[in-house]
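Please look over the structure below before reading on. The notes that come after it are grouped by topic.

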Amino acid sequence: MHVQPILAALRRHKAGTALIALQIALTLAIVCNALFIIHQRLSHLSEPTGIDEANLFVIESQWAGDLSNQQVDSQIQSDLAALRQLPGVRDAAPSNSYPLRGGGWDDFIMMTPEQKEKTTDASVYLSDEHLLDTLGVKLIAGRNFRPDEIEPMGEREDKMPSVAIVTKALADKLYPDGSALGKTFYSMSPRPITIIGIIERLQRQEVDTWSRDYVYQDMLWPRRLDTQWGTYYIVRAKPGQLAAAMRESRKALIAQNRMRIIDPDDGVLSFAEIRHRAYDSDRGMAILMGIICAVLLVITGAGIVGLTSFWVGQRRKQIGIRRALGATRHDILGYFLAENLLIGVAGVLIGIVLAVAINLWMIMHVEMTRLPLWYVLASVAVLLLLGQGAALAPALRASRVSPVVATRTI
Amino acid sequence: MFAYYFDLALRSLKRNPVLTGLMVVAIGFGVAASMITYSVFRAVSGDPIPDKSARLFAPQIDSWGPEHNLKGEPPLALNYVDAMALMHAHIAKRQTLLYPVSLPVLPAGNRSLPAKGSGYAVYGDFFRMFEVPFLYGDGWSTAQDESRAAVVVLSEEFNQKQFGGANSVGREINIGGHDYRIVGVTRHWNPVPRFYSLFGSSGFGRPADFYVSFTRALDLRTDTAGNNSCRGTIKMSGWDDWLHSNCVWIEPWVELDNANEVARYRSFLEAYSADQQRAGRFSWAPNVRLRDVTEWLEYMRVVPPESRISLLVSLGFLVICLVNTIGLLLAKFMRRAGEIGVRRALGASRREIYMQFLMEAATVGLFGGLLGLLLTAAGISGVGLLFRPEIARLAHVDLVLVAMTLGVAVTATVVAAFYPTWRAAQVQPAWHLKTN
């Protein structure tokens, strides 16, 4: 196949050639970045939480009235006793928050009380000795809290614990040599906290961009947090009894004390629902980018079909002449495919530059990381194949032009 | 003439239904994607208080110092001590402090169960500063702030729920276990984004149910339902320790009418910080900011990155659809070189060729716009799939959006048609008459 005659022909169709190349370039740039966004979002929302999501639900119970800390604490204890007795419930724990809630308490961690710059940041969960079993997280070193370590803690009260359970991610961050168990750290307080247990994995309360550097870094304090506002109960249902346990729990709490607010819509949320809410913008972006990519590829493909058909129509006479002079059908087919490939290559070369430029712009302006090379290569392959596929039908039609055409209208 | 060209356009478009369909679909999808994402973008990036956004300011004071501040920028809210100092100095014409609260509303009337309520603790100036419209009654006075009166303003929606929409001014309501006297009921009011409370909030939440007196809320030790951000090692053994800690949680706003007042307030902030430095409370030079609403929204990055990215990608998509249309129009027009040759030979001027083909493009654009309108309507009803619910509910179709959809479709297609039309008008009649 000689490239010379193709280039000569293209020179006579500068505008059409440029338009197809431009369209391929722009499509490549957008598809490439959109696929990367999809990948980022999907990998974000498929991060495991480390807990028994299938059987978990969370109750948000607000107090009605102005209760003292003592009143709140005894109410929480009665609520927990009632919840743990329910037939469909395996275990329940009080908490200030839960994974994927979308925000909550986090503390800076220091290694010495004098340290000014933080070592890292950790999400804070306040609960009792039932939390590990309730969440279904795995204790990989040390021990759980003892019941006598659990104390009530009012808001703004100086009841910092002296022991804590931390996630492996936090333990490794503080003591990279793996010796965290039994060692201490400081959590914005002058008193040290000793690590008594390490759990395998637990997601933070928020999954926002700012916390990406601290992902899976949590500490558990042996404290029941008593606030004017209310509390969360994390409940683990027995396998297969989630829906029943959710209904029973709401009833049991109202029966315990009517002076409380459990929102009818989102007062009791299954973890599936919590996960759905936590990642809705990630899922939305992935869907939108997916739709745009698909429609874009179809439109670009259709555009190539349209223009190539036009060229074939325009050159019927020339094709006839070539056929009359001995070119095979195969030669004609090859000619149009090669022509398309040439334009495609020019398009993807410009497209790569555009894709990288868009990516760099997004890194500067909208929280984005660098585009991996293989995304570019995959998109290049997709677009070249799309171009060949789109050119195939018109090219086949061209190859069927009869040599007789050459003799007709001259 | 117009009708004649329109008729010609329809005939010509009918001749190549596939090519025409392709162009219409491309423009329809391109415009719809842009309009759907634009409808979200315009909602999240709008000016929430257009006639006053240049006169309302959020003062910031660096109470954390270079070791703890936000890469040189002061914290995004004030601690209690600085907030009170700003209030007492009373330099601005109007000023308020505020923080979000979430409190139960106890049973009253025919309700037997307590209800959830969320709102803000604010000063009396809040209502005038932010031009809150009232249905009944009014806000409260500065004197009532000072006498720490237990007063509350309800929102129209909350008044509807609690009092069936009746004029409740003068009645009592139990919020968080304490009685408040209702002094006013606002009309529906929910500036989007909620510029005045962005510390720890996206700015797109549910509208507030009530506004309670800041001074009264503090007396009752009502905790913030919003962010509370502290630095360093903190001693925390109760409410008073917390008030005097470096924890920031109060959002301040001041109203300043002209450049002089702004300059005066700025120098006040500087002087206050310098005083604190002299008194040994701050061990760093004054570092203050005074941003107006527009600057504050920008600085707080209120527009979600998702909205920005999706608008950009959609616009890129529209550009590709237009490039596609240019190519297809070129093919379509050039295929009719013979026809153009005949028309030119029979006396049509270049101008008339231009008119005819641009009209044809406009017709394609119009159909694309109509398809785009359908897709936009469908897309906006499904926008909940693409954005967070609190953002998605802001997107809506209105006359402006309908006009924009059609306008963008027709204009963009006509612009795209310029080059193909120019090529069509260049056709040499003699050459085409000869060869065909």
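The model is predicted. Chain A and chain B touch through 52 residues of chain A and 50 residues of chain B. Chain A is divided into two domains, domain 1 (3-45 + 281-408) and domain 2 (65-258). Chain B also has a domain 1 (2-47 + 304-435) and a domain 2 (63-255).

**Domains**

- In chain A, the C-alpha centres of domain 1 and domain 2 lie 55 Å apart.
- In chain B, the C-alpha centres of domain 1 and domain 2 lie 50 Å apart.
- Contact between the chain B domains involves 6 residues of domain 1 and 5 residues of domain 2.
- On the domain 1 side of that contact in chain B, α2 (17-45) and α15 (389-392) each supply at least two residues.
- By class, that domain 1 side of chain B holds 4 nonpolar, 1 polar and 1 charged residues.

**Where chain A meets chain B**

- The contact takes in 52 residues of chain A and 50 residues of chain B.
- On the chain A side, the elements giving two or more residues are α2, β1 (56-63) and α8 of chain A.
- Which element gives the most to this side? It is α8(A), with 18 residues.
- The chain A side divides into 28 nonpolar, 14 polar and 10 charged residues.

**Helix packing in chain A: α2 and α8**

- Helix α2 spans residues 14-45 of chain A, and helix α8 spans residues 280-314 of chain A.
- Their axes come within 9 Å and cross at roughly 160°.
- Angles over 145 degrees count as roughly antiparallel. α2(A) and α8(A) are therefore roughly antiparallel to each other.
- The crossing of α2(A) past α8(A) is left-handed.
- Their contact has 20 nonpolar, 7 polar and 3 charged residues.

**Helix packing in chain A: α10 and α11**

- Helix α10 (residues 329-365) and helix α11 (residues 373-399) of chain A pack with their axes 8 Å apart, at an angle of about 150°.
- That angle makes α10(A) roughly antiparallel to α11(A).
- The crossing of α10(A) and α11(A) is right-handed.
- Residues of α10(A) in the contact include I332(A), L333(A), F336(A), L337(A) and G344(A).
- Among the α11(A) residues they meet as a group are V380(A), L383(A), L384(A), G387(A) and A391(A).
- By class, the contact of α10(A) with α11(A) has 17 nonpolar, 5 polar and 1 charged residues.

**Strand β9 of chain A and its partners**

- Strand β9 covers residues 192-199 of chain A, and pairs with strand β5 (residues 139-142) of chain A in the antiparallel sense over 3 bridges.
- Strand β7 (residues 163-167) of chain A runs parallel to β9(A), joined by 5 bridges.
- T167(A) stands opposite I199(A) in β9(A).
- Strand β8 (residues 184-186) of chain A runs antiparallel to β9(A), joined by 3 bridges.
- F185(A) stands opposite I193(A) in β9(A).
- β8(A) and β9(A) form a hairpin with 5 residues between the strands. In that hairpin, M188(A) takes a positive phi near 55°.

**Strand β8 of chain B and its partners**

- Strand β3 (residues 115-122) of chain B pairs with β8(B) in the parallel sense over 4 bridges.
- Strand β5 (residues 151-154) of chain B runs antiparallel to β8(B), joined by 3 bridges.
- Which residue of β8(B) is the bridge partner of Y120(B)? It is Y211(B).
- Y211(B) is also the bridge partner of V153(B).

- Most residues other than glycine have a negative phi, and most peptide bonds are trans.
- R156(A) has a positive phi of about 60°, although it is not a glycine.
- R156(A) is placed in the loop between β6 (151-154) and β7 of chain A.
- V192(B) and P193(B) are joined by a cis peptide bond, with omega about -10°.
- P193(B) lies in the loop between β7 (178-186) and β8 (210-213) of chain B.

How values were computed:
Residues numbered from 1 in each chain as written. Chains lettered and ligands numbered in written order. Predicted model: local features only at pLDDT ≥ 70, side-chain atom pairs only at ≥ 80, totals over all residues. Pairing = 2+ DSSP bridges. Domains from an automatic or database assignment. Contact = placed C-beta atoms within 7 Å. Nonpolar A, V, L, I, M, F, W, Y, C, P; charged D, E, K, R; others polar. Axes fitted to C-alpha atoms, helices over the stretch in contact; angles between N-to-C directions. Parallel < 35°, antiparallel > 145°, perpendicular 65-115°, else oblique. Left-handed = near helix turned anticlockwise from the far one by under 90°.
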